[in-house]
Amino acid sequence: MILITGGMGYIGSHTCVALAGAAHELLILDNLSNSRIDVVNRLETLCGKRPGFVEGDVRDPVVLGEIFERHPITTVMHFAGFKAVGESVERPLEYYDNNVNGTLQLLAAMRRASVRTFVFSSSATVYGDPASVPIRENSPRSATNPYGRSKLIIEDILADLHCAEPEWNIPRLRYFNPVGAHESGLIGEEPRGLPNNLMPFIGEVAIGKREFLNIWGADYPTHDGTGVRDYIHVTDLAEGHVAALNYLNQNGGLITINLGTGKGYSVLDMVQAFERTIHCPIPYEFGPRRAGDIAQCWADPSLAYELLGWKAQKGLEQMCSDTWRWQQQCRQLNI
Ligand code: NAD
Ligand code: UD1
């Protein structure tokens, strides 16, 4: 049985569907700080079986102790944490507590229960402002904000742990820019308030919730002056976790893997792709660069293919159409 912390959230919920499709038994631990209880009903529909769900906090050793005592957990996938860069600058202690302390509590509980397989949600943010693209896993790491630093710290904790106790199996998966939603329209990203990320914002402009998109910077050294990123469909990302588990069944150890497509698209590329999907213009205005933003970032995903046999399958068109279907669903659900 796999314990999925943060399994009610955006990436965790899609990963639950992929894991259920690969016949894994699931138990979700989530404190619902950034998700809604009814996700579990929608997961029941999509998984064909209701996943186990415990409402609780990864920092709570009592809850963790009970989970490991009552359930035959063999693997933990750790999605729970805070992820908003701007908020992390304003509330660093809360970010270090939830992300770093949460991970430490979880690892300690796993060790007490002799569970030694830990899949970690890292991020391309650990590459900071990359010196060159595409980015390989051995590129230099840096952090410019507490969120990114929390990911760096956890990556280092995991390396130290594996060095001291080599029996641990630890894939550190570095996600690029997850977008889109499940094609059923039943689950997707549910940003609270003003979205920080590009695709949810475009979706909200498309549906009329926002008047226009602010494009942060038109003077980057990229093909059209706007920032370039490696957008990856969230269900491809979810399948990457299944591939990582399959790899662990044959091999163990500490591995670090980029989960991206290897393709970079600019903000204007994304706007135009979305316009093609909805057959309507997306109003936008150019604004100044957003503090802390980088010009371009995309993965070299070849190690994921080499080790896991995984590569992203879905293109821009599907990322946009699934985002759009989910956006329309959100209006119906009043999210
Ligand atoms: P999300 O906010 O949608 O999901 C996180 C889930 O964890 C939520 O359901 C929330 O309620 C839960 N949670 C938070 N703190 C908790 C705690 N202390 N105890 C129990 N549950 C808790 O975020 P997401 O986009 O699904 O991201 C999942 C992971 O992937 C995070 O660690 C994030 O940093 C990482 N990541 C995300 C992105 C991205 O763009 N979404 C990119 C790279 C890495
Ligand atoms: C953000 C996070 C990063 C995280 C990543 C994936 C910041 C500073 N960085 O990065 O840590 O790993 O998400 O979750 O928040 N854009 C606009 N207008 C908008 C929103 C975005 O022009 O309203 C542009 C940005 O300037 C950027 C691109 O769109 O060029 C993508 O932005 P976003 O979706 O926020 O992702 P990242 O900047 O890669």
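Student: In the predicted model, which cysteine holds the sulfur closest to that of Cys 280, and how far away is this sulfur?

Tutor: This is a predicted model, in which local features need pLDDT of at least 70, side-chain atom pairs count only at pLDDT 80 or more, and totals for chains, interfaces and linings use all residues. Side-chain values use heavy atoms, without hydrogens and water, and residues are numbered from 1 along each chain as its sequence is written. A disulfide is a pair of cysteine sulfur atoms within 2.5 Å. The sulfur of Cys 280 is too far for a bond from the closest cysteine sulfur, which lies in Cys 320 at 14 Å.

Student: How many disulfides does a search of the whole structure find?

Tutor: A disulfide is a covalent bond between the sulfur atoms of two cysteines. The search of the whole structure gives a count of zero.

Student: Is Cys 163 buried or exposed?

Tutor: Buried means under 20% relative accessible area, exposed over 50%, and partly exposed in between (1.4 Å probe, protein chains only). Cys 280, at 42%, is partly exposed. Cys 163 has a relative accessible area of 65%, so this residue is exposed.

Student: What percentage of the residues of the protein count as buried?

Tutor: The protein has 335 residues. The share of them that counts as buried is 53%.

Student: What is the radius of gyration of the protein?

Tutor: The radius is taken over C-alpha atoms, and the globule rule is 2.2 Å times the number of residues to the power 0.38. For 335 residues, a compact globule would have a radius near 20 Å. The protein agrees with this, at 19 Å.

Terms used
Chains lettered and ligands numbered in written order.
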